[in-house]
Amino acid sequence: MAVDVRNRIAKRAAKEIHDGLIVNLGIGIPTLVADHIPQDIHVLFHAENGVLGTGPSPDPGKEDPALCNAGGFPITTVMGASYFDSATAFGMIRKGYIDITILGALEVSEKGDLANWIVPGKRVPGMGGAMELAQKAKKVIVLMNHVNKQGESKILKTCTLPLTARQSVDVIITDMAVMEVTEEGLVLKEVMAPYTVDDVLRNTEATLKIHAAVNTIE
Amino acid sequence: MKQAITKKNKIVTMEEALEHISDGCTLMYGGFGGVGTPPTLVQGILAKGVKELTLIGNDTGFPDIGIGRLVTAERAKKVIASHIGSNPNAGRLMTEGKLQVEFSPQGTLAERIRAGGVGLGGIFVDVGIGTIAEDGKDKMVIDGKEFLVETALTSEVSIVYAKKADSLGNLVYDKTACNFNPLVAMAGAFTIAEVEEIVPAGELDPECIATPGIYVDMVIPTKGVNWKWAWQ
């Protein structure tokens with residue numbers, strides 16, 4: 001995916017983040033979200049390798065190998081940050097203290113089922129901390145391409161891959177659209193220009209309800 | 001003034017430490033993507049030629065970083081971890097049938113290790129219910145809510161990395177290099193700590209000790225990281 005498309009998705013995701021929240025960002029496009037949060041919004045970023053309050057990347061030469069994020073890259077910390085072991089890092093997650101988690105996905109179903117950890121026989125990276133985050137964060141936002149490399153919809157009636165968590169996803173943001181999982185089903189809320197509602201429908205296998213007032217993101 | 005207890009000095013050489021790590025043993029290790037994995041002990045295990053290991057830890061590092069070096073050199077027959085994605089050799093060896101891999105969700109893995117370290121038989125967790133992570137596991141209903149029974153994990157030998165140790169084996173960790181280390185230290189039948197700095201007993205602030213020395217059998221000084229980090 002082109003850098004500007006990735007940043008466009010990240011920028012839209014950043015709008016979901018409000019002042020005072022605790023947020024965990026996954027690897028890939030989710031990592032970019034931090035760059036798009038306005039200065040006057042204060043959030044505490046949680047990294048499951050044991051830090052609450054991660055800050056921007058350090059300047060070159062100032063990296064501390066003992067201070068990294070869950071992706072293994074050097075970070076800094078903000079005022080009020082804390083360090084803890086992995087049991088505590090996941091205790092926070094399981095107890096429901098993470099307000100928002102932003103993850104990538106291979107497939108999402110219209111009921112909010114998430115598949116993002118294994119393609120049996122092909123790619124078996126393991127679930128890492130994704131099961132805890134998807135199942136226990138108050139709000140789960142998925143950022144991904146709308147279709148896979150074969151051009152097939154990644155948003156399905158039912159996931160075909162083994163699940164990470166059932167009925168866990170709240171919002172899906174793709175290069176084409178923003179959708180919300182609701183009690184009434186999956187609702188198309190916004191489209192990313194130049195795509196149209198028809199483009200989105202054509203590329204979505206799941207049943208998609210169209211919101212009364214679909215916004216276009218220019 | 002308190003008298004420092006010095007009757008047992010746990011500081012040893014790498015050679016003495018490596019006597020406890022042999023073919024076929026269950027080896028638990030601290031670290032997250034190699035951060036907080038003891039580099040000198042990994043090097044020593046490689047050089048000694050130890051093989052057929054069962055490794056238990058968060059991930060399989062990177063191909064040339066952390067515990068990943070042992071995986072890459074095909075010294076492990078089995079790994080229990082939450083993630084192997086950053087070390088393609090682990091996935092390749094698994095596909096070739098040379099490495100058995102058992103996945104545990106990361107928080108569940110941490111608690112299973114902690115449970116093993118504090119004398120529990122297992123834990124009840126609802127993470128993974130409704131996914132293949134529940135396959136083969138017993139379930140328990142507590143107050144009307146369903147949980148998986150996750151068994152405790154222990155090791156014959158645990159290797160950890162810390163910032164400082166004293167001669168009693170009390171350990172102080174450094175930022176995110178802490179991660180699984182305090183849990184792994186507790187879960188070992190025999191625990192070896194590799195540390196950046198060794199001080200006499202009494203020099204560490206008791207408030208800052210994350211792993212009491214009771215859990216640590218041997219301490220060796222580190223020779224430092226001998227790999228390049230992914231970001232370098």
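How many residues does the largest nonpolar core have, and which of them have the most contacts inside it? This is a predicted model, and its largest nonpolar core has 119 residues, with A:V142 and B:A193 having the most contacts inside that core. The biggest giver here is strand 8 of chain B (residues 155-166), which puts six residues into the core.

Let's look at A:V142 first. Setting aside neighbours within four places in sequence, A:V142 touches A:L103, A:A105, A:V108, A:L114, A:V169 and A:I172.

Over in chain B, B:V157 sits in strand 8. B:V157 counts as buried because 23 other C-beta atoms lie within 10 Å, and the cut-off for that label is 20 or more. Beyond its neighbours within four places in sequence, B:V157 has contacts that include B:H20, B:I21, B:C25 and B:L27, along with B:G188, B:F190 and B:I192. B:Y29 is 128 residues away from B:V157 along the chain, yet their C-alpha atoms are 8.7 Å apart.

Now for some strand pairing in chain B:

| Strand | Partner | Sense | Bridges |
|---|---|---|---|
| Strand 5 of chain B (residues 122-125) | Strand 7 of chain B (residues 145-151) | antiparallel | four bridges |
| Strand 6 of chain B (residues 139-142) | Strand 7 of chain B | antiparallel | four bridges |

Facing strand 7 of chain B, B:G122 stands opposite B:T151, while B:M140 stands opposite B:F147. Strands 6 and 7 of chain B make a hairpin with two residues between them, and B:D143 in the turn has a positive phi of about 50°.

How values were computed. Residues numbered from 1 in each chain as written. Chains lettered and ligands numbered in written order. Predicted model: local features only at pLDDT ≥ 70, side-chain atom pairs only at ≥ 80, totals over all residues. Core = buried A, V, L, I, M, F, W, Y, C linked by C-beta atoms within 7 Å. Buried ≥ 20, exposed ≤ 12 C-beta atoms within 10 Å, placed from the backbone. Contact = placed C-beta atoms within 7 Å. Pairing = 2+ DSSP bridges.
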